[in-house]
Amino acid sequence: MSLMDHSTFISPEFIIRAATETWELQGVSRLRHQVFVDEQRIFVGSDHDEIDASALPLAAIATLAAEPAEVVGTVRIHEPTPGIWWGSRLAVAPAYRRVGRLGPELIRLAVSTANGLGCSEFHAHVQLQNVPLFRRLHWEPQGEIELHGVRHMHMLASLDHYPPICDPTIGWSARARRP
């Protein structure tokens, strides 16, 4: 009997929901560090800021044998002013960027959750290379801005395309795009 190498296994099924368990929150933190500190070098040491104290972290969780196994995507949302919501720190693990749908699923959860909590506007500062994705998802550019030494586009979501979600901890299941 030979042993199989599972080190390159990419789960075909994901859970998209609010991160609430300790291991999920640790996974969100680890992924953000991997993407924004190690890979993109936007931050030195840590990407955490004062927004994390009030933000709701959302996650894409890869499954193994139909059980939650690893955080492979994340975004956070917060409401600095009543009705005005922002999404930030959207990240997908490098090995999962090509499976499709994780970024859009996280964006859908973010805006729909805020919409369910009384959102009247949903904003994000998006790195320029991601603007086409957001435009396909019914977001409109509001103007360029530089943040942390990187050019971003201020984007505004069209809330009509994001039905309200009242409990983001329930979430949903998403499958990888077939090759």
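Just after helix H1, Arg41 takes a positive phi of about 55°. Helices (H or I, at least four residues) and strands (E, at least two) are DSSP runs, numbered from the N terminus. This is a predicted model: local features need pLDDT of at least 70, side-chain atom pairs count only at pLDDT 80 or more, and totals for chains, interfaces and linings use all residues. Residues are numbered from 1 along each chain as its sequence is written, and side-chain values use heavy atoms, with hydrogens and water left out.

**The sheet**

Eight strands form an open sheet with mixed pairing. Their order is E6-E7-E5-E4-E3-E2-E1-E8. Strands E6 (139-147) and E8 (172-175) are the edges, and each pairs on one side only. Two strands pair if DSSP finds at least two bridges between them. On average, neighbouring strands are turned by 25° against each other, direction ignored.

Strands E2 and E3 run antiparallel and are joined by nine bridges. Leu58 has Val75 in E3 as its bridge partner.

Contact means heavy atoms within 4.5 Å. Axes are lines fitted to C-alpha atoms, for helices over the stretch in contact, and angles run from 0 to 180 degrees between N-to-C directions.

**Inside H1**

H1 has 18 residues. From its first C-alpha to its last, H1 reaches 24 Å, close to the 26 Å expected at 1.5 Å a residue. That expected span is 1.5 Å times one less than the number of residues. H1 has a kink of about 25°, centred on His33. The bend at a residue is the angle between axes fitted to the seven residues ending there and the seven starting there.

Buried residues in H1 include Glu24, Gly27, Leu31 and Phe36. The cover over the buried residues of H1 includes E1, E2, E3, E4 and E5.

**Glu105 in H2**

Glu105 sits in helix H2. Is Glu105 buried or exposed? Glu105 counts as buried because its relative accessibility is 12%. Buried means under 20% relative accessible area, exposed over 50%, and partly exposed in between (1.4 Å probe, protein chains only).

Glu105 touches Ile16, Trp172 and Ala174, not counting residues up to four places away in sequence. Its side chain also makes a polar contact with the side chain of Arg108 (2.8 Å). A polar contact is a pair of N or O atoms within 3.5 Å; within protein, one must be able to donate a hydrogen and the other to accept it, and residues adjacent in sequence count only if both atoms are side-chain atoms.
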